[in-house]
Amino acid sequence: MSRQEEDWRDEIESHLAMRADANAAEGLDPNEAADLARRQFGSPLRTLEDVRSVHVGRWLDHLGRDARMALRGFRRSPGFAAVALATLAIGIGASTAVFSAIDPLLFRPLPYPRGDRLVSVGFSGPIDNNEFQVSNAYMEWRDRQAAFQSMTSMTAGAHPCDLEVGGAQRLNCYNVEANFLSTLGLRPALGREFTREEDRHGAPKTALISYPVWQSVFHGDPGVLNQVVTLEEERVRIIGVLPAGFLMPQLGELDVMLPEQWDERAARNGTIFLRSFARLQDGVSIEQAIERMKPIFQDSLHTVPPELRSEVKLVIRSLRERQIHEVKLASWMLLGASMALLLLACANVANLLLARAAARHKELFIRAAIGAGRGRLAAQMLTESAVLGLAGGAAGCGLAYALLRAFVALAPGGLIRLEHAHIDLRVLGFALAVSLIGAMLFGLGPAFQRRRATTSPMFFRTALVASQIAIAVLLLTGASLFARSLQRLETQPLGFQPERVVTASFTLRRQRYRPQAAQAAFYREIEARLRAIPGGGLFAMSDSIPPRGSHGRPFSNMRIAGRPALPGGGMVAFRYVTPSYFQALGIPIVAGRNFEESERGAAYPPVILSATLARRMFGDENPIGQQIELEADGRYSQVVGVVADAKNAGIDVPPGPEYYRLRLNDATQLGPGAVALFRTSLDTETLSRWIRREFAEVDGSLPVAIQTMEKRVDAWRDRPRFVAWLVGLFAVFGLVLATVGLYGVMSFLVAQRTREIGVRMAIGATPRDIAVLIQKRGLVWTGAGVGVGVIAAVFFTRLVRGLLFEISPQDPVSMATSIVVLAIAAGAAAWVPSYRASRVDPAVTLRCE
Amino acid sequence: MRRGDHLQGALELVILKTLAAGPNHGFGITTHIQTVSTGLLRVEEGSLYPALHRLEAEKLVKGEWRITDNARKARFYSLTAAGRRRLADAESKWAAVARGVQKVLRFA
């Protein structure tokens with residue numbers, strides 16, 4: 001507008017100059033002449049304003065008129081409007097719902113100021129899926145580094161802690177370094193963060209509480225500051241409240257934040273397990289930071305056990321990458337799938353508009369004849385598409401909301417932070433953009449066709465149908481791949497039988513059971529009580545249960561008595577179990593014998609190996625009776641049995657090596673957490689009531705989580721299930737849309753060629769010939785679409801290999817399934833119009849002349 | 001038809017008629033109308049320019065920058081083919097309206 005506006009201004013200036021010239025010619029001096037000219041003109045600003053309103057007014061006028069015309073047109077053909085609207089609502093709704101679910105993961109800035117400069121720093125090793133730190137190396141790195149503005153650390157996991165405010169509550173506590181919040185760039189909502197002094201060993205205890213804890217436990221009372229509360233049976237002063245919506249950098253659930261308060265010397269010499277995060281110095285990239293940290297990393301390798309050194313690497317990666325790497329591929333795939341569906345929907349609407357344009361040919365022709373310019377007609381068509389797009393967008397937002405509810409119901413843990421996904425302004429903006437871009441896309445169809453009157457309109461429409469079929473094939477192939485992958489995940493052997501197993505897990509409050517003898521006494525008592533539950537069935541205790549192990553030790557620590565070190569690295573999972581553990585979980589003993597109850601008092605109890613570990617240590621040799629060292633502590637245990645492998649690293653990877661130690665009645669071996677297992681014939685509800693009663697009688701304040709083993713295992717399938725269902729849903733939508741598209745074009749074709757068909761029949765074609773003629777057309781288009789779709793599927797499914805479980809992306813069964821399903825649908829879509837064509841009465845059509 | 005259409009029609013008519021004599025700029029149009037009507041009609045600049053732009057947007061006139069005889073830059077407007085048709089149309093309509101009004105004034 002500005003160049004135009006300058007033009008208008010210049011025009012007025014030129015007018016004033018000429019008027020001044022005229023005035024001067026009548027004998028006024030130049031200044032007076034110019035002044036008079038200005039007075040004679042009146043208000044130039046006002047004139048400029050009026051000129052502007054002429055242009056803007058016309059534009060608005062046209063827009064309004066076109067929009068009204070579009071609405072009137074849609075009212076006149078409600079069938080067209082309904083189908084177009086429903087199609088668009090599906091495309092926009094699906095993509096908007098997916099966008100709202102993945103936006104916080106992929107696109108939205110992290111909830112930290114300049115969060116793109118935050119990185120996660122640490123070692124990567126076979127111990128953990130994520131990079132980790134140990135205190136001695138961390139302190140060396142922190143003191144010597146020159147890559148980061150600041151570096152901070154936190155204890156690797158939350159520890160359950162009990163807050164005593166109006167009854168005990170089990171909360172999640174994390175210990176962090178004093179500069180934790182400031183490194184993230186955050187400030188408490190209330191109060192302040194920890195000082196260096198408060199982080200010193202032996203300093204008076206202080207704590208920050210999360211916003212939800214402040215709201216629920218302290219009812220949002222600002223007087224919470226400096227209040228002294230009892231946490232883990234210690235007096236702790238609350239010095240601040242974390243901001244609302246605070247997100248731990250590793251996505252942990254946090255209720256209370258405590259300072260680390262390390263003993264400096266112990267930390268420098270020990271290996272406290274940590275996570276560390278840092279803010280990059282200005283102008284330093286992640287690659288440069290890695291270069292700068294490399295020498296320091298090399299120097300600190302001495303802290304790593306020598307056998308593990310070759311397996312340990314330096315990792316510095318962006319915080320976003322750290323947070324989403326597990327779901328990144330799934331997120332992009334879902335976005336891609338929903339976009340494909342949107343494209344299909346747009347192609348469908350373009351086709352509908354083309355059909356309509358053909359019917360409206362006369363109207364447009366008349367409008368052109370009475371002087372509507374090509375631009376005006378195009379503007380009218382685009383306004384029409386925009387109105388359609390916006391209406392479809394509005395309906396799509398409604399559908400997106402419903403879909404999002406369905407996502408969460410379908411798979412609560414489907415994607416991280418899915419429960420936080422909601423429709424907000426950003427998402428609505430996305431929907432608006434998608435609607436308008438979509439409107440452009442399908443609005444271009446008719447515009448393209450009108451300009452190139454020479455190209456056959458049928459060709460363009462055919463290409464659109466073929467592309468719809470191609471996208472449908474792609475979606476269907478993806479859906480059957482994910483469905484088959486999920487099915488394998490659900491039916492694969494786990495190595496244990498989760499049916500009818502109920503688990504009860506708990507973590508003792510550290511302070512209450514301080515003398516270890518008290519802990520041992522508790523376990524003895526609870527074991528006796530739980531074992532005596534009538535109908536409880538087989539009862540066992542363990543410190544952890546599959547499909548994941550809570551502990552691992554380096555394989556390189558293991559020795560066979562009297563033999564040289566074993567080759568190879570990696571970790572070995574292990575558990576402490578009672579003798580009935582294997583029977584309760586249905587893990588078969590393949591060689592040797594089980595533990596015996598009487599061995600639980602022994603000083604050197606035996607060990608049982610998993611089949612994988614036995615093979616790795618002994619090959620074909622018989623392991624039974626061998627003495628092995630487990631933890632490089634000079635103590636040997638006798639191998640008494642070998643059990644079958646059971647999943648211990650998640651359900652989608654093969655089980656790793658594992659050994660089982662006998663759970664002793666010895667205080668030094670027992671930790672604060674344990675799981676009780678029941679293989680029972682009782683219903684879960686009754687059993688859990690009885691379990692709770694027993695726990696309550698021993699320790700009334702101890703929270704116990706009771707869950708069936710099947711539910712526990714099933715939670716591992718949330719994400720694959722989410723992906724499979726979603727892609728399946730898109731594939732169904734896509735199939736329906738493509739079928740409707742094919743049907744529409746075929747019907748149009750038949751209507752257009754009625755006369756030709758009549759002639760053919762008059763000169764002897766049978767109804768069958770006609771049906772074949774029509775169906776052949778449908779077959780050609782479908783064939784072309786399927787061909788392109790298969791090529792696209794081969795290309796795209798390769799990209800999602802990482803999301804598939806024990807199935808190849810080129811799985812022929814999935815490909816064939818999708819082609820067969822599509823062929824059936826397309827056949828049905830083509831049959832109806834071809835049948836109608838074969839019933840054409842030549843006498844009637846020829847009389848129409 | 002909108003209110004003021006007749007008066008606005010009159011303004012457009014005199015502008016189109018002026019331009020039928022040859023391309024002219026806004027200032028030239030005001031002086032021409034004033035001179036030819038012997039001072040009976042005076043066109044306000046505040047109405048002239050919006051009217052000119054409206055005519056241009058409707059493709060009845062076409063504007064372009066040129067240099068005047070006095071070596072000033074000015075935006076010259078000229079009639080388009082559509083403008084010529086509109087002028088003929090408007091002239092006959094105006095004549096009818098004028099005759100009608102004249103008769104009403106005489107016999108009412």
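**Note on a predicted two-chain model**

1. In chain A, strand 8 (residues 228-231) and strand 9 run antiparallel and are joined by 4 bridges. The model is predicted, and what follows should be read with that in mind. One facing pair here is Leu231(A) and Glu234(A), the latter in strand 9 of chain A. The two strands form a hairpin with 2 residues between them, and in this hairpin Glu232(A) has a positive phi near 50°.

2. Strand 9 of chain A also pairs with strand 7 (residues 206-209) of chain A, again through 4 bridges, but these two strands run parallel. To find this pairing in the structure, look for Thr206(A), whose bridge partner in strand 9 of chain A is Arg237(A).

3. A further partner of strand 9 (residues 234-241) of chain A is strand 6 (residues 190-191) of chain A; 2 bridges join them, in the antiparallel sense. Here Leu190(A) lies opposite Val241(A), which belongs to strand 9 of chain A. A reader following the side chains may recall a general point: along a regular strand they alternate between the two faces of the sheet.

4. The buried residues are Ser135(A), Asn136(A), Ala137(A), Tyr138(A), Met139(A), Glu140(A) and Trp141(A). Charged Glu140(A) is thus listed among the buried residues of the helix.

5. Chain B has an open sheet of 3 strands, in the order 1-3-2, with antiparallel pairing. Its edge strands are strand 1 (24-25) and strand 2 (61-67) of chain B, each of which pairs on one side only. Strand 1 of chain B is joined to strand 3 (residues 73-79) of chain B by 2 bridges, in the antiparallel sense. Within this pairing, His25(B) faces Phe76(B) of strand 3 of chain B.

6. Asn24(B) belongs to strand 1 of chain B. Is Asn24(B) buried or exposed? The relative accessible area of Asn24(B) is 17%, and the cut-off for buried is under 20%, so Asn24(B) counts as buried. Apart from neighbours within four places in sequence, the residues in contact with Asn24(B) are Leu19(B), Ile29(B), Arg75(B), Phe76(B) and Tyr77(B).

7. How many residues of each chain take part in the contact between chain A and chain B? There are 20 from chain A and 21 from chain B. Together the two chains bury about 1900 Å² between them, with 57% of that area on carbon and sulfur atoms.

8. The interface of chain A and chain B holds 3 salt bridges. In one salt bridge the side chain of Arg19(A) meets that of Glu45(B), at 3.0 Å from N to O. Polar contacts between chain A and chain B amount to 10 residue pairs.

9. Which helices of chain A supply at least two residues each to the side that touches chain B? They are helix 1 (2-25), helix 2 (30-41) and helix 3 (44-76) of chain A. Helix 1 of chain A gives the most, with 11 residues. Sorted by class, the side of chain A that touches chain B has 7 nonpolar, 5 polar and 8 charged residues.

How values were computed. Residues are numbered from 1 along each chain as its sequence is written. Chains are lettered from A and ligands numbered from 1 in the order in which they are written. This is a predicted model: local features need pLDDT of at least 70, side-chain atom pairs count only at pLDDT 80 or more; totals for chains, interfaces and linings use all residues. Side-chain values use heavy atoms; hydrogens and water are left out. Contact means heavy atoms within 4.5 Å. Buried area is the accessible area (1.4 Å probe) that two parts lose on being put together, summed over both. A salt bridge is a side-chain nitrogen of Lys or Arg within 4 Å of a carboxyl oxygen of Asp or Glu. A polar contact is a pair of N or O atoms within 3.5 Å; within protein, one must be able to donate a hydrogen and the other to accept it, and residues adjacent in sequence count only if both atoms are side-chain atoms. Two strands pair if DSSP finds at least two bridges between them. Buried means under 20% relative accessible area, exposed over 50%, partly exposed in between (1.4 Å probe, protein chains only).
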